[in-house]
Amino acid sequence: MSPKHRRKLHDETVHRLLSVMDTFTGLNPRETLERVSASLGCSPTSAEVAAYLDKHDHLRHLRQQFLVPKIADLPPSDLSLVDGTQECIYLVGNSLGLQPKMARKYLEEELEKWAKTGVHGHTEGSRPWAWAENNIEGLMADVVGAKTEEVALMNGLTVNLHLLMLSFYKPTAARHKILLEDNAFPSDHYAVESQIRLRGFEPEQSMLLLSPRPGEETLRTEDILEVMEKEGDSIAVVLFSGVQYYTGQLFNMAAITEAGHKKGCYVGFDCAHAAGNAELKLHDWGVDFACWCSYKYMNSGAGGLAAAFIHEKHKDTIKPALTGWWGHDLNTRFQMKNVMELQPGVSGFRLSNQPILLVCPLHASLEVFKMTSMQALRRKSLLLTGYLEYLIQHIYQEDPSHPRRSLVRIITPSDPQQRGCQLSLAFSVPIRKVFQELEKRGVACDMREPSVLRIAPVPLYNSFSDVHRFIETLGSSLAASSQ
């Protein structure tokens with residue numbers, strides 16, 4: 001077969017697959033699943049539905065860009081219960097993403113360059129160490145809906161949050177409060193407490209914590225906006241997560257930003273659980289600042305290089321409180337005159353050169369994101385997480401005819417526009433034993449005491465069959481944990 005004929009056959013195949021998926025455009029996940037199952041002549045809970053959706057998933061090839069652990073290699077696996085040669089059911093990308101296959105190659109290239117060229121590696125090769133992170137900031141900007149010059153890859157998330165807060169949090173006697181969710185991730189909570197104390201205020205008076213209504217698990221957007229309207233004149237900074245780490249709630253970042261600006265507040269976001277998960281438009285929304293880690297949905301490895309964002313509207317007005325050599329203009333940086341020529345915007349917040357060994361795996365991951373778009377990933381994610389939701393509700397909802405059956409309640413919002421890919425599942429039974437039984441059977445997920453599992457089917461590498469396998473494994477794990 002000639003290359004031209006192969007290409008034509010490939011294009012026709014892709015067109016057919018896309019046409020099949022386009023058939024379901026505009027349908028919600030439940031309607032899609034029921035229509036697929038009807039066409040196949042099977043139950044919506046059948047593995048045939050998962051196989052069909054995988055076959056017609058035009059992003060399925062992206063999984064091949066990652067290393068999926070085998071069940072036998074996971075320490076908790078019990079090989080008397082499960083086939084160790086199978087790939088594990090990896091649903092914990094909200095905690096640590098999978099390793100991109102190219103990460104090892106890029107790391108080895110830089111180790112080899114160091115070995116052979118020594119100090120010349122700073123300025124030579126395809127990834128010069130002195131500005132290697134700059135070469136991939138455009139890729140990161142695409143993921144979060146920003147301009148390249150609005151993003152800097154540097155430090156860790158909490159370091160970046162402190163640097164940003166030092167410049168954006170300028171409390172006065174009248175306007176000194178910081179608004180954040182009551183159950184914010186600990187690093188955010190601690191950072192805010194310390195920033196308040198650093199300025200001579202007390203967290204008890206200056207931390208405005210927002211909790212869900214009694215009996216509810218998540219915050220209502222209208223309640224957030226109402227507090228901002230009532231308290232806005234005393235709020236200096238609004239700091240929310242993009243996606244709440246525990247509940248999986250995706251906040252309405254555009255509405256929060258607009259409301260904050262109307263009251264004269266700076267608005268920032270911790271996007272650790274949003275970057276690479278939700279479709280972000282940091283620039284278009286007018287977000288003042290943001291920061292995020294890169295080892296969750298961005299797959300850069302544990303402790304990977306973090307990122308910071310400052311909107312271009314602040315590039316000439318918001319300056320770093322702490323400066324370092326790497327914030328100096330690159331063109332004159334090495335003249336060593338000790339007269340700061342500060343780079344504008346977020347680039348001026350750089351303190352020192354970034355570890356090349358952290359740049360490499362992030363580079364490998366961002367190249368995979370470049371193979372698709374956040375719009376396409378989000379489209380798949382809505383169906384993938386909707387499939388998980390459908391199966392849980394179908395199998396584990398309350399049934400009077402089975403009063404002793406374990407129940408699973410989803411605390412993540414049911415509205416797909418208010419969540420990313422994660423579903424947080426609350427169980428009617430103690431969770432630790434169930435979690436242990438899942439791990440024995442090759443499931444990698446995340447437990448939060450006393451009763452919540454966080455399950456994150458990541459559209460970049462998870463399949464519909466992963467979700468179906470998880471549901472089947474959950475059933476056997478619940479049965480085993482009750483014995």
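How many nonpolar, polar and charged residues make up the lining of the largest cavity?

Guide: Happy to. This is a predicted model, so local features need pLDDT of at least 70 and side-chain atom pairs count only at pLDDT 80 or more, while totals for chains, interfaces and linings use all residues. Residues are numbered from 1 along each chain as its sequence is written, and side-chain values use heavy atoms, with hydrogens and water left out.

To your question: the lining has 5 nonpolar, 1 polar and 2 charged residues. Here Ala, Val, Leu, Ile, Met, Phe, Trp, Tyr, Cys and Pro count as nonpolar, Asp, Glu, Lys and Arg as charged, and the others, Gly among them, as polar.

The structure holds 1 cavity of 30 Å³ or more, and about 40 Å³ of space lies in the largest cavity. Two elements give two or more residues to its lining: strand 5 (177-181) and strand 7 (235-241). Strand 7 gives the most, with 3 residues. (Strands are DSSP E runs of at least two residues and helices H or I runs of at least four, numbered from the N terminus.)

A cavity is a set of points, on a 1 Å grid over the protein atoms alone, where a 1.4 Å probe fits but cannot get out; a pocket is an open set with protein on both sides within 12 Å along at least five of seven lines, and lining residues have an atom within 4 Å of a point. Points are joined across faces, edges and corners, and the volume is the space filled by probe spheres set on them.

For an open counterpart, turn to the second largest pocket, where about 290 Å³ of space lies. This pocket is lined by 16 residues, and Leu250, Glu279, Trp285, Arg378 and Gln417 lie nearest its centre. By class, its lining has 8 nonpolar, 5 polar and 3 charged residues. Helix 10 (253-262) and helix 13 (374-396) each supply at least two of the lining residues.

One last stop is Val159, in helix 6 (residues 157-168). Val159 and Asp270 are 111 residues apart in sequence, yet 12 Å apart in space, C-alpha to C-alpha.
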